Amino acid sequence: MSSTHRHGANPGEDRTSSSTRTPHIVIFDLGEVLATPPSLYVSLAAPLDRHPEVVGAAYWAYRDAYDRGGTAQAFWSDVLAELGIPPTGRVIVELTHIDTEAWTTIRPDAMSLLSSLSRKGVRVGILSNATREMAQAARRTPWAPYITDWFFSSELRLAKPDRAIYHHVTNALGLPPEHILFFDDRPVNVDAALDAGWNAHVWISGADTRTRMADLDLLPAG
């Protein structure tokens, strides 16, 4: 998972792999790739009586530790303290629910893409910087049956773009790294995947991804 708050320029795009080797697995990031919650900060700000941009800034200021396995209690307590709001249990439960639902509800075009790959018998994985709540919720979603391999930073206590997380995934899959096709919205994560030997691409759109899949004979053209 990532956010436009954490995006810089796109230095990784010109390093995007051009390998034509047919992959043995396609791995997607979750946030801002399959799931794009357009009104997350508005939804989080509503029960807090704060401006969405202010909530978003506080949210990302403390997010890394939560994605690496921290607790919802610790994360939201820090965010709420930043906003000058007492961290009550009721508010933390509500914010956690909003947050989890937002990042595990994928777009219709993403659902269609996963379904198409599944029908073709393609092995599909998720590699996401995501909380424990999101990891659990994702496995209960309508799109979960399309996924064969799950990797979440909170469960591994490793996060992209740490080199170790890519090596862990490669070893867990038991595949040569060049057989792993990976899509992520953050160029820094793509660069790290390329350094690990993966066939990695910056996510642009569902249509662009389908074209790449067709080029690799994973999906029919058109």
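Q: Hi! How many salt bridges does the count come to here?
A: Hello! The count comes to 11 salt bridges. Keep in mind that this is a predicted model.

Q: Good to know. What do the side chains of D67 and R63 do?
A: They meet in a salt bridge, at 3.4 Å from N to O. D67 and R63 are 4 residues apart in helix α3 (residues 63-67), so about one helical turn separates them.

Q: And is D67 buried or exposed?
A: D67 counts as buried, because its relative accessibility is 2% and the cut-off for buried is under 20%.

Q: Which residue does D109 form a salt bridge with?
A: With R107, where the closest N and O atoms are 2.8 Å apart. D109 has 34% relative accessibility, so it counts as partly exposed. R107, at 19%, counts as buried.

Q: How accessible are E155 and R139, buried, exposed or partly exposed?
A: E155 counts as partly exposed at 33% relative accessibility, and R139 counts as partly exposed at 36%.

Q: Which residues do salt bridges with shared partners join into one network?
A: D29, K160 and D184 are joined that way.

Q: K160, okay. What kind of peptide bond joins K160 and P161?
A: A cis one, with omega at about 5°. As background, most peptide bonds are trans. P161 itself lies in the loop between α8 (153-156) and α9 (163-173).

Q: Changing topic to backbone angles: what is phi for E32?
A: E32 has a positive phi of about 70°, although it is not a glycine. You'll find E32 in the loop between β1 (25-28) and α1 (40-45).

Q: And what is phi for D217?
A: D217 also has a positive value, near 65°, and it is a residue other than glycine. In general, most residues other than glycine have a negative phi.

Q: Where does D217 lie?
A: In the segment after α11 (206-215). D217 counts as exposed, because its relative accessibility is 66% and the cut-off for exposed is over 50%.

Q: Now the strands. How many residues of β2 are buried?
A: For strand β2 (residues 124-128), 5 of its 5 residues are buried, so the strand is mostly covered.

Q: Which residues are on each side of β2?
A: V124, I126 and S128 are on one side, with G125 and L127 on the other. Both faces are covered, and these residues are all buried.

Q: How many bridges join β1 to β2?
A: There are 3 bridges, and the two strands run parallel.

Q: What about β2 and β3, parallel or antiparallel?
A: They pair in the parallel sense, over 4 bridges. There, L127 stands opposite F151 in β3. The chain crosses from β2 through α7 to β3.

Q: Is that β-α-β crossover right-handed or left-handed?
A: The crossover is right-handed.

Definitions and conventions. Residues are numbered from 1 along each chain as its sequence is written. This is a predicted model: local features need pLDDT of at least 70, side-chain atom pairs count only at pLDDT 80 or more; totals for chains, interfaces and linings use all residues. Side-chain values use heavy atoms; hydrogens and water are left out. Buried means under 20% relative accessible area, exposed over 50%, partly exposed in between (1.4 Å probe, protein chains only). A salt bridge is a side-chain nitrogen of Lys or Arg within 4 Å of a carboxyl oxygen of Asp or Glu. Two strands pair if DSSP finds at least two bridges between them. A crossover is right-handed if, with the strands pointing away from the viewer, the path from the first strand over the helix to the second runs clockwise.
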